[in-house]
Amino acid sequence: MKRNFSTILAILLFQLVSAQRGTIDQRVDSLLRLMTLEEKAGQMNQYNGPWAATGPLTNDDQLLDQIKTGKVGSMLNATGAARTRELQALALQSRLKIPLLFGQDVIHGYRTIFPIPLAEAASWDLPAIERSARIAAVEAAAAGIHWTFAPMVDIARDPRWGRVMEGAGEDPLLGSLISAARVKGFQGKGFGQTDAVMACAKHFAAYGAAVGGRDYNSVDMSERQLWETYLPPFEAAAKAGVATFMNSFNDLNGIPATGNDYLQKTVLKGKWNFKGFVVSDWGSVGEMISHGYVQDSIGAAAAAAKAGCDMDMESRAFIRHLPALVKAGKVKMPVLDEAVRRILRKKFEMGLFDDSFRYSNEQREKEQWNNPAHLEAARDIARKSIVLLKNENSSLPLRKAWFRDPAKPVIAMVGPFVKAKSDHLGFWSYDWPDDSLRISSTWEAVQRRAWPGTELLYARGCGISDSSRAGFAEALQMATRADIVIVTIGEARDMSGEAKSRSSIRLPGVQEEMVKALVATGKPVVVLIHAGRPLVFNWIRENVPAIVYAWWLGTRAGDAIADVLFGDYNPSGKLPMTFPRSEGQIPVYYNYFNTGRPAKNENDLNYVSAYTDLPNSPAYPFGYGLSYTRFAYSNLSLSEPVLRSKGRIRVNVTVRNEGDYAGEETVQLYIRDRVGSVVRPVKELKQFQKVLLQTGESRTVTFTLTPDELRFYDAQLRYRYEPGDFDVFVGGSSAGGLQAAFALKP
Ligand code: NOJ
C-alpha cells in the first residue's frame with residue numbers, strides 16, 4: 001500500500017513537472033513568435049558591466065540604450081542587489097520586457113571565500129565541496145546573481161598552466177565526482193528557488209591541455225584521449241543537470257572550440273542530450289579571426305552560431321551581424337530560434353518572467369552578508385584541503401611538552417604570508433571593504449590559539465617576489481631566539497589563474513633562499529607553502545623536516561592553518577595533482593601508459609624510457625598526503641577470483657590507525673587492465689572511501705567493483721570492457737599499495 005502510494009505520488013509529481021515544462025515550452029514559443037530578428041540576436045548577446053572586467057573590455061557608451069531596446073540578453077560582472085535591480089528595470093522597459101540574466105565568476109565563494117577549487121579537490125570530500133558551492137550560491141544569489149561561470153572542470157596535467165587552480169586536478173574520476181557535486185551545490189533544490197544559481201561547466205573542451213601549459217594555446221589530441229580523460233567531468237556535469245556550458249578559447253585539433261560543431265552539437269546537444277545553452281568564453285567568437293579560422297567578425301558570428309554556440313560573451317559579433325546574416329540567408333532562422341529557445345527556457349525556469357527582481361533583494365543580501373555559519377563552513381573545508389607533505393620526527397603538531405620550557409614556548413613566525421590577508425583569497429575572488437576584519441591571517445589565528453605564556457616572534461624576512469635579502473637578518477635573529485620556526489611562503493594571489501602561465505614553477509623571489517638560511521640556524525623549521533598550483537621546491541623537500549601544502553585557503557585560512565599546526569585538526573588532504581621534481585617532467589600524471597621500454601628502477605638507463613638526469617617518479621604522487629597518525633593497510637582480499645559480466649566482486653582491506661591521533665584516511669582503489677585492445681594506463685582510480693579512525697581502531701573497508709567500471713574507449717570509441725586479467729591496488733596514494741588480481745570473464 002505504502003509502495004502504491006509513493007508510486008502514485010511519483011507519477012503525480014512527474015505529471016506536474018511535465019505540465020510545468022509544457023507551459024514553459026509553450027511560453028517560450030509564444031514569446032519567440034513575437035520577437036524580431038534583432039531581438040533574437042539581442043538574447044544571444046552578453047555584455048560586461050562597465051564596473052569590473054575579467055577580460056579585455058570594450059567600452060560601450062550605448063550600453064544602457066541597448067538594454068532598453070532589447071539588444072542585450074545577459075550581463076556579466078554586474079552585481080549587487082541594487083545595481084542588478086536598476087539594470088533589470090531598464091530591460092523591462094524594452095518592447096517585450098524580457099529580463100536580463102546576470103552572470104558572474106563565482107568560482108570559490110562570493111562574499112565568503114572558500115579554498116581554491118584545486119585545494120578543495122585535495123579534501124576528496126564530496127559533501128563538503130557541494131556545501132561550499134551551495135554557500136557560494138546562497139551569497140551570490142542574494143546579491144542578484146543568477147548564474148555562475150563554474151564549475152571549471154578541465155582536467156589538467158600541466159602545472160605551468162595557471163588555471164589548474166580552478167579545477168579538480170588530473171584525474172577523470174575524481175574530476176567527474178567533484179564536477180557533479182559542485183553543480184548540485186550551485187543549483188541547490190532547483191531553479192526558481194531564490195538561493196539557486198545556474199551553474200556552467202567550462203571550458204568545453206580540452207582547454208586544460210593547452211600546449212606547453214601556455215594559456216589560450218592550441219590543443220592537439222586523439223579523440224580517444226579526449227573521451228577517456230578530458231570529457232568525463234563534462235559529461236558528469238551534464239548528467240547532474242548543469243544549466244549551461246561555456247566553450248573554450250583553444251582550438252581542438254585545428255577547429256576552435258567556439259566554432260566546433262562536433263563538440264557542441266554532436267556531443268553535447270546530441271549524444272548527451274543537453275537542454276541548456278552554451279555561452280562563448282570572453283571574446284572567443286571574435287578570436288576565431290586571430291586563430292585564422294574565419295576572415296572577419298561576420299564570419300565569426302556565422303561559424304559560432306551554426307556550430308551551436310548560443311550566446312556571445314563580449315565579442316559583439318552576434319548582435320552586430322546575425323540579423324544581416326539571416327537576411328542574407330547565410331545563417332538560417334532556426335539556428336537563432338534554437339539558441340533563443342534554450343536561453344529563454346532558462347529565464348523562465350529561473351522564474352524571471354514571474355518576478356524579474358526576485359534575486360535582487362537587499363534584505364536577503366544583508367542577511368547573507370555576515371552569516372557566521374558560512375565562515376565556519378569555510379574553515380572546515382579549508383582545513384580539510386591542507387595536505388601534509390612531510391613530517392619527519394613528528395615535528396607537527398606543535399606540542400607544549402616539546403618546547404625547552406613548556407611554560408614559555410617561543411615560536412618564530414617568518415615569511416610574507418604570516419600576516420597576509422588578501423593573498424589567502426587567491427585568484428577569482430572578491431575583495432570587500434571589511435576584509436581586514438573577516439579574513440583571518442595566520443598570525444592572528446596562531447596568537448588566538450597558542451598556549452598562555454607562548455612568546456610569538458615575527459619577521460617578514462622577504463616579500464613574495466623580492467630579490468632583496470635585507471630582511472633576512474631580522475628573520476634569523478627571531479629564529480635564533482625561538483624553539484621552532486614556522487615559515488610561510490608561496491605564490492601571490494595573482495600568480496596562478498587565468499593568463500598566469502609560468503615556465504618556471506619554483507618559489508618566486510628569494511623565499512627558498514630564506515628557508516635555507518633559517519634551516520642553517522639549526523632550529524627546527526616547519527614550512528607552509530601557499531600556492532594555486534603544484535610548485536617545485538626540491539631543496540625544501542629534501543632538507544626541511546615538516547612541509548605543509550596550504551594552497552590559497554580563503555577567508556578562514558589562518559584559523560584552518562592554526563587548527564592543523566596545533567593538532568586541533570589532523571590533516572587529511574590528498575594531492576589531486578602530481579607534483580613534479582622539475583618542469584622538465586611535465587606533463588606528469590599518475591595514469592600514464594607503460595611504454596615498450598619501461599625503466600626497471602630509477603637507475604635503469606639501459607635504452608629505456610627515462611630521463612638521464614632525473615628519475616621518472618614525481619616529487620609527490622597523485623593521491624598522496626600524510627596524517628599525524630599512521631594508517632596501516634593489511635589483508636587485501638577479493639570475494640572471488642573471477643568477475644563475470646553480470647557479476648560483482650568485493651574488495652576488502654583492513655585499515656588500522658597505528659598512531660597517536662584520531663584521523664581520517666582516504667582509501668583509494670586503483671586498477672590496471674593488463675592487456676587491452678588499446679593500451680591501458682598503469683593505474684586508474686576507480687573508487688575511494690574516506691574513513692575516520694580512532695587511535696588503535698581498525699576497519700574493514702569494502703569496495704564493490706562491477707564490469708561497468710572496467711569500461712574504456714576502444715579504437716572505434718566504443719565504451720566497453722574486455723575480458724582479461726586485472727590488478728587491483730589499494731592504498732593511501734597512487735604509488736604503492738597492496739595488490740591483488742582477478743580475471744574478468746564473459
Ligand atoms: C574568461 C575565462 O576563461 C572564463 O572562465 C570566465 O568565466 C570569463 N572570462 C568571464 O569572466
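**Aromatic pairs, a helix face and an open sheet**

The structure, a predicted model, holds 36 aromatic pairs, where rings of Phe, Tyr and Trp (its six-membered ring) pair if their centres lie within 6.5 Å, and planes under 30 degrees apart count as stacked, over 60 as edge-to-face and the rest as tilted. In one of these pairs, the ring centres of W369 and W432 are 4.9 Å apart and the planes stand at 75°, so the pair is edge-to-face. This pair links distant parts of the chain, 63 residues apart, with W369 in helix α15 (residues 362-369) and W432 in the loop between β12 (410-414) and α17 (435-438); helices (H or I, at least four residues) and strands (E, at least two) are DSSP runs, numbered from the N terminus. W369 is partly exposed, with a relative accessible area of 26%, whereas W432, at 17%, counts as buried (buried means under 20% relative accessible area, exposed over 50%, partly exposed in between, with a 1.4 Å probe and protein chains only).

Residues are numbered from 1 along each chain as its sequence is written. For this predicted model, local features need pLDDT of at least 70 and side-chain atom pairs count only at pLDDT 80 or more, while totals for chains, interfaces and linings use all residues, and side-chain values use heavy atoms, with hydrogens and water left out.

The rings of F403 and W451 have their centres 5.7 Å apart and their planes at 70°, so this pair is also edge-to-face. F403 is buried at 3% relative accessibility, and W451 is buried at 15%. One aromatic cluster is formed by F204, W227, F234, F245, W272, F274, Y713 and Y719.

In helix α18, the buried residues are T442, W443, A445 and V446. Seen down the axis of α18, these residues fall within an arc of 165°, so they line one face of the helix, the arc being that of the directions from the helix axis to the C-beta atoms. The buried residues of α18 pack against β12, β13 and α22 (557-565), where contact means heavy atoms within 4.5 Å.

Five strands form an open sheet of mixed pairing, in the order β18-β26-β25-β20-β21; two strands pair if DSSP finds at least two bridges between them. β18 (642-644) and β21 (684-693) stand at the edges with a single partner strand each, so one side of each is left without a neighbour in the sheet. Within the sheet, β20 (residues 663-673) and β25 (residues 724-731) run antiparallel and are joined by six bridges, and Q668 has G731 in β25 as its bridge partner.
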